[in-house]
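Take a look at the fold shown here. We will walk through it piece by piece, starting with a pair of helices.

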Amino acid sequence: MLEITVQTENGERHVGVSAEELAGLVRRIGGEGDRFLVIERIPDETHVFAQVWHATDDDYTVEHRDGSADRHFGARTEQVETVIAAVTGWARREQGWDGALDWSLLKL
């Protein structure tokens, strides 16, 4: 089990999901009312999260924030497997989890 919570656009809250369950949630999003996930670590760390947005027939947008607004990054990809690897690696705190995406600082 991953030490995370996952909130979905449709109001579901999943606690302590497995890597396979997280992958299923990422693959599922895209339809009306179910287009994003917000992933937070357990215990919750202030302003530390990852999130994924996907609308059917569009790229995936992945974001992660590591504290302050100047540590909030985003990337886009067509590849669901790249998204799954990134958010699973983030949840596991793996070295290099972010290497497969081209991240940009988001100005909020």
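This is a predicted model, in which local features need pLDDT of at least 70, side-chain atom pairs count only at pLDDT 80 or more, and totals for chains, interfaces and linings use all residues. Residues are numbered from 1 along each chain as its sequence is written, and side-chain values use heavy atoms, with hydrogens and water left out.

Start with helix α1 (residues 19–28) and helix α2 (residues 80–92). They pack at an angle of about 135 degrees, and their axes lie 10 Å apart. Helices (H or I, at least four residues) and strands (E, at least two) are DSSP runs, numbered from the N terminus. Axes are lines fitted to C-alpha atoms, for helices over the stretch in contact, and angles run from 0 to 180 degrees between N-to-C directions. The angle makes α1 oblique to α2. Oblique is what remains once angles under 35 degrees count as roughly parallel, over 145 as roughly antiparallel, and 65 to 115 as roughly perpendicular.

Which residues of α1 and α2 make the contact? From α1 come A19, L22, A23, V26 and R27; from α2 come V80, E81, V83, I84, V87, T88 and R92. Contact means heavy atoms within 4.5 Å. By class, the contact of α1 with α2 has 8 nonpolar, 1 polar and 3 charged residues. Here Ala, Val, Leu, Ile, Met, Phe, Trp, Tyr, Cys and Pro count as nonpolar, Asp, Glu, Lys and Arg as charged, and the others, Gly among them, as polar.

Now turn to the sheet. It is open, has 7 strands and pairs them antiparallel, in the order β2-β1-β3-β4-β5-β6-β7. Two strands pair if DSSP finds at least two bridges between them. The edges belong to β2 (13–15) and β7 (104–105). Each has a single partner strand, so one side of each is left without a neighbour in the sheet.

Look inside the sheet at β4 (residues 48–54) and β5 (residues 60–66). They run antiparallel, joined by 7 bridges. V52 stands opposite V62 in β5. Helix α1 packs on the sheet, touching β1 (4–8), β2, β3 (36–41) and β5.

Finish with two loop residues. Is R35 buried or exposed? R35 sits in the loop between α1 and β3, and R35 is buried, at 18% relative accessible area. D58 lies in the loop between β4 and β5. D58 is partly exposed, at 37%. Buried means under 20% relative accessible area, exposed over 50%, and partly exposed in between (1.4 Å probe, protein chains only).
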